[in-house]
Amino acid sequence: MSDSQHKQKTSLHSQATQALPDFHYHTAGKFPATQMTQTDPRRIQNSGLEDESRDQSQSSSTGMRLIVPLQGIVQGRGGLILGSVIPCAMYYILQFYLKRLRSPPNPPEQQTSNPSSPTPSSSNLAELSRSASRSNLLSRRPRLSSRVHSIAKSNDSPYYIGLDKASADPYDRFSNPNGVIQLGLAENRLTLDLIENWITNDSILGAGGGLSVNGIAAYQPFDGMPELKVAMASYMSQVVGRTVSFDPSQIVLTSGATPAIEILCFALADQGNAFLIPAPYYPGFDRDMKWRTGVELIPVHCRSSDNFTLSIPVLDQAYNQARKRGHKVRGILLSNPSNPVGNLMTREILFSLLDFAREKNIHIISDELFAASTFGDEEFVSMAEIIDSEETDKDRVHIVYGLSKDLSLPGFRVGVIYSYNESVLTVSRKMTRFSSVSAPTQRLVTSMLSDTTFIKNYTEKNRERLRCIYELFVEGLNELGIGCTKSSGGFYCWVDMSGLIRPYNEKGELDLWDKLLNVAKVNITPGSSCHCIEPGWFRCCFTTLDEKDIHVVIERIRLVVETCKSPS
Amino acid sequence: MSMWRPCAEVERCVGKGAAGEGRSCGETSCSRAGSGVVCGREESGVVGLILSITQIKLDGLSLFVLMAIEIVQPSVGLSKMAVSETHGEDSPYFAGWKAYDENPYHETCNPTGVIQMGLAENQVSFDLLEEYLEANLEATNWGQKVSGFRENALFQDYHGLLSFRKAMASFMEEVRGGKAKFDPERVVLTAGATAANELLTFILADPGDALLVPTPYYPGFDRDLRWRTGVQIVPIHCERSNNFQITPEALEAAYDHARSMNIKVRGVLITNPSNPLGATIQRKVLEEILDFVTRKNIHLVTDEIYSGSAFYADEFVSIAEVLESRNYKDSERCHIVYSLSKDLGLPGFRVGTIYSYNDQVVTTARRMSSFTLISSQTQFLLASMLSDKEFTQKYIKINRERLRKRYEMIINGLKKVGIECLKGNAGLFCWMNLSPYLKEPTIKGELEMWKTIMHEVRLNISPGSSCHCSEPGWFRVCFANMSEETLEVALSRIHEFIKTRKQ
């Protein structure tokens, strides 16, 4: 094969595989499981090509109808070779065909002869390149990795569009009363005054004068300073309550929960492996868990009829389907308290989840970012408490925690991996060199967490204020005839507007979302961004609101609701 | 051949009663044909992978089939990345650190301990920083400025604080003597240069592709560029005969070598000033490299984290200056990595940056930086310090002078016993030639000497082989992470050692 031919083929290959995940997303649901299983023999025979043929199996059933009988024909001497070579060849032809038919050309990269500033905000990349490419069609540009293209696409989701729009024109009662009200971003503004107070009056910054950098300028352990780990362990015990104790040596600190989850994905799964994740789930996971690791997320759909709680039969079904499609499932990712629904997992379900994981021999990642932000009557049960009562099987459980939500310090980038698996801890520690917490911040946070009186007071007040604003917000929605599921933790209401959407599908949902954003100027997150299987549900974050603004939000929503209800 | 390890495991599983047709496989002999069931402990601890090969007659073939299948499954599986050795921390470079950690030198408490000369840390100008922070308390923390805190604690935009990006851009200009301009909109912040290099690799190359890196190179690259990205490093071999300079021939040779192995080359990564050589790259060489990458249509990453540690400001030429002189033609293939860890001596703060001339790389890197953001508190603290031109000018000047003085001190000390170093003009280390004292001129000889120096002389220095140096006998010796007194002690230990070797 000559050099140029080769080049063409390989580039074709990588482009096609890159286009496939998307494609798979659209078609996967349409193929009955039985059809999928047909590919199994072929897949194993060509085990070298396993990944590729798996993609193919989802991309076209025509391929299978041809190949499976072929194997019958070519049996006999040399059957292995022919049985491998022919499907291989067909696979390449098919890819070529698919590529010409389906995949749009990659957006050409932009060139500027005298580089101007790139657009400051996260603007739509595809658009940007298209306009710039006209002038420079013929010049050669260095290729970027295929990851870049999926990342360039990612900001098209309503979740990010809404966030951008709200941050470009933020509402303020006095200075910008016509701005967009941000109910899409998970931040807690209710208790900032408490932290402010502490910083100015009690912290090393306020009382002692200045922040000394002496002793912390040099290299620190990448996985966190020992003092902070000790303080963090006792803070986590305090948050979880009862008798659960956390061991500082099982803590790995990262620059936020985002890298904590990514590091766990890198450590637990290979490219192409999958995690099961109860849906609706936090839209950011699609980015955090998939971009660089190449891991797949398989939603386990929870429904309104179960109040969006997870049940083992549904989980089992999702697991089996994933296996049938050729995915190797490496674990389950839970968020408890749930983001976006706001419900808590019961002790019983946590025990059965552990049993399930044991039976399938897979991992559990439990994301407990909102552990201290519970405000309902139900008790929060940490996975740590479940595992404490078990003798064995600790090494499959990993907890993700952070201070962004519970202490309302997202800017400080403090995340935690808490694992019972020594190998996972070792690998995670090594990976923290790519995402360590800045030393001055560690010093400040250590002193904050060590002040147990402050922490206790803060946690109590925070819960009170969360409950208060939650109740006001829900009351307001109820007045409009809009219901919500019962939230017990976190910063969100999971709101049912399915009665207001027309048609009753994703399009109707996005139409309503669009109206709310552009007419009512309220940014909320549509359920489809959270992979909710039922249309018409929305995530509303209420912790960015001031009590005084609630009626403004409700009035704005009322405007849209009324146009939806009117028969026109 | 990690795939062979689990044979015992396989047997055990089959023994546990998998399917009746099951055949297990020993380490050396392979079972006969037939449909077989091979088990990893994957699902419910028993059945793993089914081989439905029905027509195999030859032992050789069934061997082939078994090899192609992954069987390794410890109690609950981890990723290949987690169990692979690509993290490279078993190399002498890291082993030396362990030895130091076990028995660290201290002037009074442990005068016989190991002196750490393997850590490129700049402690010579720390007093300047401290002085500044003390004098400018108000500016660098919130103190009474409550409103500042509110924005700061909640700040989670991955663009980073604009004030800090501006300060960073102006500091980078300052370091380059104003000879290049930097646009704050192109500054992407990361938690350290390590993350910056990895992030760029993620963006520029797919798994299996390669970056060309001139040898000797920083040992950490083996991990930072390869481990999680799956990208390979193909060395550009630089020779002692021309002072380890990068030549067009060496570039071509490395490129052809990669192509001959069917590896796609996606870029060249250089450190300027070079780590571990401690020397800046000449303008002519930069021009040649730039021409090379343009001809091959690949990327150029220049890691300039020691740019402010060049002893003479005019001896360092940034790629940014070369691009400016070419009116930014072909600049979209160039990416600069910078950090405050070395030049400001603040590695604990984890502040790195990617400066790319390619819009798409800037946007993507910014999104990816979610995995490696800098605390807003740190950004705030540094923003005011770095935008104080008076301070940064003074700092850079004094820092250069002090490093030069240190460098001369160690070079002259080594010369006294006849040890030559490569002529350096930058960085926190020198590139020391001990090849005349090797017992045998091989890597084995070098590592033998390194062990002696580690355990008997009790100095942790980094052997050239861990930097993939093509010639044995070279060592990287750091001199800026200790006091002058400690450096004297280290030098006298080297003197003693050389005396014994000369006999």
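How many bridges join E6(A) to strand E7 (residues 397-402) of chain A? In this predicted model, four bridges connect E6(A) with E7(A), and the two strands run parallel. Within this pairing, Asp367(A) has Val400(A) of E7(A) as its bridge partner. E6(A) also pairs with strand E5 (residues 329-335) of chain A, again in the parallel sense, through five bridges. Here the bridge partner of Ser335(A) is Asp367(A).

E5(A), helix H15 (residues 347-360) of chain A and E6(A) form a right-handed β-α-β unit. A right-handed β-α-β unit is likewise made by E6(A), helix H16 (residues 383-388) of chain A and E7(A).

Strand E6 (residues 363-367) of chain A is largely enclosed by the rest of the structure, because five of its five residues are buried. In a regular strand, side chains alternate between the two faces of the sheet. In E6(A), His363(A), Ile365(A) and Asp367(A) point one way, while Ile364(A) and Ser366(A) point the other way, and all of these residues are buried.

For chain A as a whole, the secondary structure comprises 21 helices and 13 strands. Of the 568 residues in chain A, 59% are buried. Contacts between residues at least 6 apart in the sequence of chain A join residues at least 24 apart in 75% of cases. The accessible surface of chain A amounts to about 22,300 Å², and carbon and sulfur atoms account for 53% of this area.

A further strand of chain A, E1 (residues 181-182), contains Gln182(A). Because its relative accessible area is 18%, under the 20% limit, Gln182(A) counts as buried. Gln182(A) and Val522(A) are separated by 340 residues in sequence, yet their C-alpha atoms are 6.3 Å apart in space. When neighbours within four places in sequence are left aside, Gln182(A) is in contact with Leu163(A), Ala166(A), Asn523(A) and Thr544(A).

E11(B) pairs with strand E12 (residues 429-433) of chain B in the antiparallel sense over two bridges, and Glu420(B) has Asn433(B) of E12(B) as its bridge partner.

Nonpolar packing was then considered. In soluble globular proteins, nonpolar side chains tend to be buried together. The largest nonpolar core contains 157 residues, of which Phe473(A), Met117(B) and Ile410(B) touch the most other members. Helix H12 (residues 257-268) of chain A supplies the largest share of this core, nine residues. Apart from this core lies another, of 75 residues, including Phe126(B), Phe164(B), Ile270(B) and Cys467(B). Residues up to four places away in sequence not being counted, Met117(B) touches Ile410(B), Leu459(B), Asn460(B), Ile461(B), Arg476(B), Val477(B), Cys478(B), Met482(B), Leu487(B) and Ala490(B).

Definitions and conventions:
Residues are numbered from 1 along each chain as its sequence is written. Chains are lettered from A and ligands numbered from 1 in the order in which they are written. This is a predicted model: local features need pLDDT of at least 70, side-chain atom pairs count only at pLDDT 80 or more; totals for chains, interfaces and linings use all residues. Side-chain values use heavy atoms; hydrogens and water are left out. Buried means under 20% relative accessible area, exposed over 50%, partly exposed in between (1.4 Å probe, protein chains only). Two strands pair if DSSP finds at least two bridges between them. A crossover is right-handed if, with the strands pointing away from the viewer, the path from the first strand over the helix to the second runs clockwise. A nonpolar core is a set of buried Ala, Val, Leu, Ile, Met, Phe, Trp, Tyr and Cys residues joined through side-chain atoms within 4.5 Å. Contact means heavy atoms within 4.5 Å. Accessible areas come from the Shrake-Rupley method with a 1.4 Å probe; for residues, only the protein chains shown count as cover.
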